Structures are given as C-alpha cells and as structure tokens.
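Have a look at the structure first, then work through the points below.

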Amino acid sequence: MKPPVITFSTLQAAVEIAATIAFALSGLLAGARKHLDAVGLCVVAGLSAFGGGTLRDVLLDRRPFFWVEHADWLWALMGLSFGAMLFLRKRHLALTERAIQWPDALGLGLFTANGALLALGAGQPDIVAVLMGVITATFGGVLRDIVCNEIPAAFHDHRPYALCSFVGGWVLVAVVRLDAPQWAAVSAAAVTVVALRGLALWTGWTLPAWRIHKR
Amino acid sequence: MKPPVITFSTLQAAVEIAATIAFALSGLLAGARKHLDAVGLCVVAGLSAFGGGTLRDVLLDRRPFFWVEHADWLWALMGLSFGAMLFLRKRHLALTERAIQWPDALGLGLFTANGALLALGAGQPDIVAVLMGVITATFGGVLRDIVCNEIPAAFHDHRPYALCSFVGGWVLVAVVRLDAPQWAAVSAAAVTVVALRGLALWTGWTLPAWRIHKR
Amino acid sequence: MKPPVITFSTLQAAVEIAATIAFALSGLLAGARKHLDAVGLCVVAGLSAFGGGTLRDVLLDRRPFFWVEHADWLWALMGLSFGAMLFLRKRHLALTERAIQWPDALGLGLFTANGALLALGAGQPDIVAVLMGVITATFGGVLRDIVCNEIPAAFHDHRPYALCSFVGGWVLVAVVRLDAPQWAAVSAAAVTVVALRGLALWTGWTLPAWRIHKR
C-alpha cells in the first residue's frame, strides 16, 4: 500500500489535534470530580491538552508553542469546556470515562511520537528524545493531577501508561535511525503504544510494585 | 483632566510594585494558615508576588525577570515577610485578609493589563495576550496554593477572579487596537477588572457550576 | 597543603555527580512512602536529582541541561531506582533515611555552590545568584514533595535546610568577589553549608516560627 501523500507538517498538525481533544476531556472529567468551577474546568482541560507539549517546548527552548501558533484552539478548548458543562450529566460521566480510554491511548501514542520526533530534530540524544516523548504524552495529565491536588495517576495507579509511551518512544527512535520516512516512524511508534496500552487495559496488567509494600 | 506626564516604563514599574505587595501578603496569610516556617513563608510570599510574572516570562521567553532586574525587591520581600512574622498577631489575621481584598483586586487589574501589554508587544495573538494577562495576574496565587497543597482557590471557590482578569485583558487588547496610548489601555483594563471584582465581592456572585454537582 | 590540580569543569562534574545520587535516593524513599509504582519512583528520583538544576537552567535560560549533556546519567538513575526496588526492604528504609542525611547535606552544599557560581558566571546580581544556589539545592526536593502531594518539607518542617543553603550561597559570592579561585569558593561554601546543616541536625535547632502559631 502506498503511503498517503501528505507533508509531515500536515501529519504533525493532525496528530496534535486528534490527541488534544481526548486529553482535554480527561481534564474536564478530573475537574468535575473535584468540583472545580467553570474557570478551573477550562484550566485543567487546557493543562491536560497543552501542558505536556508546552513543558516539552520550554525544556527544548522551542517557540512558538502549539497553542500560540494555533491560537484558535484556545477558543475550541473553551467551547469544549462549556459544551461539556451544558450537556454532560452525571450518568454520562462513567460513560465518558470509558469512551475516552481509546482516544486517550491514541493521544498517548501520537504525542509520544510527536514529542520524540521534535526532540530528535532538535539534535537531542536518543534517551532524551524518548523522555521528551514521554513528557509530551504524560505531563499534561501530571499537571492536571497536581492542580487537582492528587498524586499523579501516571505515577500511582500501578497500571502501565508512561511505560507504554517509553517503549513507543524507543520504537520511534529506532525507525528514524533506520532512515525510514517520518510518517512510518510516527505510525510504528503510535501503533506500538496503542497496542501496548490496549493490552494493558484488557489484561489488567499491573506494574511491579516495590516489595516494601507487600507485608 | 490631563493625564500625568509619565513615561510608560515608569508606569509599568509602579504597576508591578503596587500589585506585588498585596500579592506577597496573600501568600504570607496562606503560609501562616498552613504553619509554614520562616523559609516557607518567604517562598510563598515570593511565589505569590513574582510567580505569575515569572511564569509569563518563561512562556514568552523573556529575560530578565522583574526580580532579577530589580533584585532589591527580593530584600524588600524578605523584610515584608519578617515584618509580618514579628508584628502580625492572630487577631490581625482576618483583618489583614479583609484589608488586602482591595489591593489584591488592584493587583489583579494591574498585573492583567501589564501581562497582556507585554505579550502584545512581543507580537502574540490577541487571545494569547489576554491569556498571558490572566496568567500574570492569577498564577502567582495558583503556585502559592499548589505549594500549600490546596486546590487553587482561583479554580475552586466559584467566585469570579480569573474571569474578571479575562474580561479586563480583552478591554486592554481592544483599547490598544484602537491606537489609544498605553496608559489609557492599562487604566481602562485595570479599572474594569477592579470594578468587576468589587462587584463580584459585593454581590456575592458565584460562577455557574457544572450541573453534575447539583444532585 | 597544595590544592589538587583539577580544572574547574572536572570539579563541576564531580560536584553534580556526587550530590545527584543522594538526592535521587531521597526521592526514592519519598516515593516508596507514597506507594508510587515503578514509573513514579523513577520520576520522583529524577525530579529530586535533576529538578533543582533544571529549574535553575530554565530560569537562567541556560542549555543544555545536565541530564541532556550527560544523558548516560538517565540510565544510571533508572538503574538506581530498579536496584533500590529489588534490594531495599522495609527494615532498610529508616536506615537509608538516616544514612543519606550526610550525603544529602553534602548535596545541599555542592548544589548551592554550583548553582550560585553558574548564576554569577551568567552575570546575575549577587542576591539572584544566591537564590539560584538555593533553588538548585532545594527545589528538587520541593518538586518531589509537590508530586507526592505533600507540603514541601523544606518549607514546613521548621528545621534549617534552605537557610543553610542561603548562608552558603553568600559565602560563595563573598569568596568569588575576593578574587579567590573557584575551587576555593566552592569548597568554602560547601563546607559552610555542610557544617551548618550538621550543626542543625545535631542540636535539633528549629527555625523561628510565626508567633501566630504559639497560642
């Protein structure tokens, strides 16, 4: 099958857009659970969606941020937040949580690939590029949980999340180092992450815990 | 009435100074409530006062920070913290909280105008400039609350705070876009914010909450 | 006694390496107490070890970060985390906590000297350089505590920690201003911090608290 004729910048934009919405919804749900007000909901939605990429860009000293270059997305985010406030009822909450698991896994994969690719392009070492992918994909959720005054779920729920992103980051680096085209590297990494995350959710696999806890 | 003959940089400095003290005091009160030690009190006072502007400068990649350019203010901040520790008694606490509501509202207005103006000057889009104003004005308090291990009051107390700042930011952008002088834009924005915040405090207006919470 | 013939960059690297391990261990212990999973343990170990220096570099707009320039250290950190998970038992926990008090004090001293020196080299004012030393030495622990959903111990436990760093920072600035060689400035500052911290631990000296708390 021939790859679709798209430039990388189109792909990159599509990648960030698709993942952003799922992440914003995860922020809205977390904010709703903590009884945040309308302002707080917009902020956690925005932190969840743009926080990881923004932290990556600050660390890489890269400007402009996604939400500065595509400032219309800030309006979309506010629209999403108010739409959710108007239309989501209590009975929708658990449903939404379950429904976003898949776009969230997709976001995890796409953000990882995107972040790692940007870091490689900025000449970072492999391990740093992988880490930047993980930060892009997971630190939106970490900032969301810090603002909501929780220990970040990514560090605490003993289910593989950042780990899937970490493995996917190495897949991206490996494929890029093989001189494969960027769309192939991004696809391979994203598919790996989504498959691993799906497998982890399906099998209920938990991360090995420190023996110290098992008394 | 003719406007006073002041250069904008004078105005800018005066703006940051006046607002800084009110914000530092809000940090000291929050720290006292959490029984922080002398070091912690200085840090939350500093975070409250300089945190929002510093975060804005990091996001805009702007140097030097206010507290680097005017390093004397760090001494003033430490003096303020120790003065408060020596002279404020328990009975002064509620009094101080009530007394700083107005300078705090002033700070909200001045920091918003200042932050949005700087972002416009750095060539940011309107919505980003407004957001930078809001971040300048409110994220000092947000960082204060995160360090004090609380959900940030700005996102949680259902009273308009960041929202006043958001509206004021748009007033600033609108007046600047009308080619009015900067002092006029800053004044219009700050007056708007202070009036809105005052109105909100006076009428007890609360932000619309997500229906999900009303069972 | 003649000083050993080492270049400053060797000294600088040695300084950061020695302190990094003690700080990573403090993060692992804090994470274990909060029942973080393997991913979370690596993250808090990394935040504790590299967080302060990274925040300093972001504030000073300095690149590359230590963990980018010496990316191998990220592997060492992961190795340390997994080693601790495999070999540390419950009965080792209190022991480790006591055992790292001294390397932690050393780290406090070395990071302070290192951070303040870098800031002086970047042309910062004295008070800002001292502050950068304190941030380098203490904000790894602050970020660790924020992620672990605790009020940072450095602000709350009423024992001198950041204060020792603050005094040491001024020693460094003073010795540098006397045109002494850098190794002398770093040594004097580090020895001061370690001595003060040791004295504080030994005598149980507590920071003066706000009278408001003593009822």
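How many residues of chain A are in contact with chain B, and how many of chain B with chain A? The contact involves 32 residues of chain A and 34 residues of chain B, where contact means heavy atoms within 4.5 Å. Keep in mind that this is a predicted model, with local features needing pLDDT of at least 70 and side-chain atom pairs counting only at pLDDT 80 or more, while totals for chains, interfaces and linings use all residues. Residues are numbered from 1 along each chain as its sequence is written, chains are lettered from A and ligands numbered from 1 in the order in which they are written, and side-chain values use heavy atoms, with hydrogens and water left out.

- The size of an interface is often given as the accessible area lost when the parts come together.
- Chain A and chain B bury about 2800 Å² between them; buried area is the accessible area (1.4 Å probe) that two parts lose on being put together, summed over both.
- Carbon and sulfur atoms account for 72% of that area.
- You'll find seven residue pairs in polar contact between chain A and chain B, both residues being at pLDDT 80 or more. A polar contact is a pair of N or O atoms within 3.5 Å; within protein, one must be able to donate a hydrogen and the other to accept it, and residues adjacent in sequence count only if both atoms are side-chain atoms.
- On the chain A side, the elements giving two or more residues are helix H1 (8–33), helix H2 (38–60), helix H3 (66–69), helix H4 (72–87), helix H5 (90–99) and helix H7 (126–147). Helices (H or I, at least four residues) and strands (E, at least two) are DSSP runs, numbered from the N terminus.
- H2(A) gives the most to this side, with seven residues.
- Sorted by type, the chain A side has 22 nonpolar, four polar and six charged residues. Here Ala, Val, Leu, Ile, Met, Phe, Trp, Tyr, Cys and Pro count as nonpolar, Asp, Glu, Lys and Arg as charged, and the others, Gly among them, as polar.

**Where chain C meets chain A**

- This contact takes 33 residues from chain C and 34 residues from chain A.
- About 2800 Å² is buried between chain C and chain A, with 71% of it from carbon and sulfur atoms.
- Seven residue pairs are in polar contact between chain C and chain A, both at pLDDT 80 or more.
- H2(C) supplies the largest share of the chain C side, seven residues.
- The chain C side divides into 23 nonpolar, four polar and six charged residues.

**How the copies are arranged**

- Why do the copies meet through different surfaces? Only 12% of the interface residues of chain A are also interface residues in chain B, so different surfaces do the meeting.

**Salt bridges**

- Side chains of opposite charge can pair when their charged atoms come close.
- Over all chains, the whole structure has 21 salt bridges, each being a side-chain nitrogen of Lys or Arg within 4 Å of a carboxyl oxygen of Asp or Glu.
- Between chain A and chain B, though, the count is zero, and the count across the interface of chain C and chain A is zero too.
- Inside chain A, A:Asp126 forms a salt bridge with A:Arg177, the closest N and O atoms being 2.5 Å apart. This pair links distant parts of the chain, with A:Asp126 in helix H7 and A:Arg177 in helix H9, 51 residues apart.

**Backbone details to look for**

- The peptide bond from A:Arg63 to A:Pro64 is cis, with omega near -10 degrees, and A:Pro64 sits in the loop between H2 and H3 of chain A.
- A:His158 has phi near 60 degrees, a positive value in a residue other than glycine. You can find A:His158 in the loop between helix H8 (153–156) and helix H9 (162–177) of chain A.
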